[in-house]
Structure formats: structure tokens, C-alpha cells
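Please consult the sequence and the model shown here.

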Amino acid sequence: MSNALDSLPRSDGFWMPAEWEAHTQTWLLWPVRTDTWRNGAKPAQRTFAELAKTIAHFEPVTVCVPTEQYENACAMLGDNIRVLEMAANDAWIRDCGPTFVLNQHGEVRGVDWIFNAWGGLEKGTYFPWDKDDLVAHKVLEVERLARYRATICTEGGALHVDGEGTLMVVRPTVMNSNRNPNWSQSQLEVRLQHYLNVEKVIWLEDGVYGDETDGHIDNLACFVRPSVVALTWTDDENDPQYAISQAAYDVLSNTSDAKGRPLEIHKIHQPGPLYMTEEEAIGIDKVAAARYRCAEDRLAGSYINFYIANGAVIVPTFNDPHDEAALATLRDLFLDREVIGFYAREILLGGGNIHCITQQQPAPHDS
Ligand code: KQY
């Protein structure tokens, strides 16, 4: 295994590009664990395969699968998708995969964050997470890309950039005794600036209600282009999400990006509220080493957890009355891309959504 670089992306001239910039490919992991995914993970495998095929219409896709699922995954994914054997603890490559960075000379590298399953033994989702913590390293090895091993614990889903110097994060997902104890906000901010090469960090107070990651930004708000942000919303003042979204709106509307531009904010009304049904909960194994998923758990449903691929935006839908309005807003925001609704309740049952299970590998910039 190759050693990590002992420098930092910023001093080497590398930065994290925005998701809407061109991709070389999309990475996914294959779902297998039966304490996350109901009914032996079979419905989730069908959903992941359908999502991989949808993305593969727009860019190459690689799916990493455990040994015992290799043949089955190949059969389900078909000829158009590269399948690699790789161990992992679960299927959230947004979080345990690399955050790719690039420079202006056509080189791509990766940041390998310390990963502890969203909080380790203090409110994390499962134990152990050792295989997940090796995923970024393995992906970078496969691609022969140099690696920065970060000294902070965070996840790709906790970080949204505009590619022009601005980063949005939700405070409890980064500044948390279960991720980076004893670090001040300014110490963490400096590190994030060095790893992602950003100047401005916008800190939001809380993520989507009930989000088991402590509130990842990728479920709450995202950039859709420089200085334009989409934010999950509810008009129901009695819903716990109302105060959270209102507080985020207040911060976003009173700040500017790294280039000094005010932010244009588009509210996208949340689905539901959505809850796990008895029938769904019964299909999930109950084990001490993983978070219990129970009937009537509120699901952290949000349309913001979409994925921007080359020429397309793949948006989670829930057979919910708010689906059409969300798709219509995103079609207005992404005029040059095909906006595709993808029924994603199965992914939501596992605690995340489309953005959380995908990881873009950016195309090198022309040198
Ligand atoms: O928000 C994300 N990027 C991931 C959510 C994963 C939750 C798994 N327990």
C-alpha cells in the first residue's frame, strides 16, 4: 500500500471541485448488511443496481462489492458497469470514500478522512468501521492516485463546496465530541481550508431532523451553482424541521460566499414527514453492534440528497405529494441537465439517500 503524502492539498495547489464539474466516473458500494438493509438487503440491492444503471447512462460507474456478492452483483449490474471486489462495513461511499481534489495541471488526488461511522462508540451507527475506513485508500490505489490522509474525522456528506472557495458544513457533524474532541471551530476551519482549499466556511447550526449523521449538509442544503443554494424546507411551523430550516435560511441569507456574492436561496419543501412502517422495521436485523431501526422512526427524508452527474441530476422521490414541486424547482435550477426522479425510499430506510451512496471522481482539468 502506498504511503500518504506528507503535504496538504492547498500548499500543493489542489482543491475540491464542485459536483457539477465534469466527472470521470461515479463510485458506489454494494449494500449487504442486514441490520441496515431490510429483507436480507435484497430490495436495497435492486435499488442500488437500478441507480447505478441510471447514472451509467451519463457517465462510467464502478461498484465495489464484497467477495460473496461478486457474482450476484455482476449479474444484477450488467455489462455496462465495472464491478470491483472490495470489503466495506456498509454502503456509504460518500462518507468513507475519498474526497477527490485536483490541480490546474491535470492531476487528481484524494483526501482520505478519518471515518468512525458517524460518531464511533458515542452515537455512531455501527461497530466496527475498520473496513470502511480503508475504502478511500483502496479506491485511490485502484486509480493510482496520490492520497492525503487527513488528521480530522469527518465524512464527504458533511462537506458541500461551490468549487470557488466556499464550503458549507453543519456544526455538529464536524465540531463534535464524537468526531473531533477538543478541537475549536477555528482549528477545524483551518484544517478544512487546507484539505479542500477553500477560503470561506459557512457554518449552519443543525441538519435535517432525525438525521443519524448528526445532520449532514448533503441532506439539508447544497450549492446548485456558485452563489445559488437549495435548502430543504417545511411550511409547517409545528414540525421540528421548521425551526432548523428557518435558522439555516437566516444564516445563508445574511452571509456571502468566498467571492463576496450574496447567496440566492431556493426552498424545496420536504416530503412527508415520513416514518418507517412496521412491515419495513420487521425486516431489519436487530443487533447490538448497529443502530436499532424501529417502526415509527421518523425518516430524514429530503430532496436535497440528489446527485449531480454529467448531464443529469438524479433526485430522490418518495411517492409523496411534494415530489413534483421538488422536481419542478430543480428543473428550473438545472436548465442544462436532465432532472430525473428516482424512487428512493429503500435507501432512506438505511439512513441516507442518493447523494450518500455515490461519490463523484472529477475529471482532470486541462493542463
Ligand atoms: O448523509 C450521508 N452522507 C450518509 C448517511 C448515512 C447514514 C448511515 N447510517
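This is a predicted model: local features need pLDDT of at least 70, side-chain atom pairs count only at pLDDT 80 or more; totals for chains, interfaces and linings use all residues.

## Aromatic pairs

The count of aromatic pairs comes to 10. W37 and F48 form an edge-to-face pair, because their planes stand at 80°, with the ring centres 5.4 Å apart. This pair links distant parts of the chain: W37 lies in the loop between β1 (23-29) and α2 (42-56), whereas F48 belongs to helix α2, 11 residues apart. Both W37 and F48 are buried. Together with W92, W37 and F48 form one aromatic cluster.

A further edge-to-face pair is formed by W118 and Y126, at 5.6 Å centre to centre and 85° between the planes. W118 and Y126 are also buried.

## A lysine over two rings

The charged end of K267 sits over the ring of W233, at 4.1 Å from its centre. The charged end of K267 also sits over the ring of Y249, 4.6 Å from its centre.

## Cis peptide bonds

F127 and P128 are joined by a cis peptide bond with omega of about -5°. P128 is located in the loop between β5 (108-114) and α5 (135-142).

The peptide bond from G272 to P273 is likewise cis, its omega being near 15°. P273 occupies the loop between β12 (264-269) and β13 (274-275).

## Positive phi angles

D214, although not a glycine, has a positive phi of about 75°. D214 lies in the loop between β9 (200-204) and α8 (217-220), and is buried, with a relative accessible area of 15%.

N319, also a residue other than glycine, has a positive phi near 50°. N319 is placed in the loop between β16 (312-317) and α11 (323-333), and is exposed, with a relative accessible area of 67%.

Conventions: Residues are numbered from 1 along each chain as its sequence is written. Side-chain values use heavy atoms; hydrogens and water are left out. Rings of Phe, Tyr and Trp (its six-membered ring) pair if their centres lie within 6.5 Å; planes under 30 degrees apart count as stacked, over 60 as edge-to-face and the rest as tilted. Helices (H or I, at least four residues) and strands (E, at least two) are DSSP runs, numbered from the N terminus. Buried means under 20% relative accessible area, exposed over 50%, partly exposed in between (1.4 Å probe, protein chains only). A charge sits over a ring if NZ of Lys or CZ of Arg is within 6 Å of the ring centre and within 35 degrees of the ring normal.
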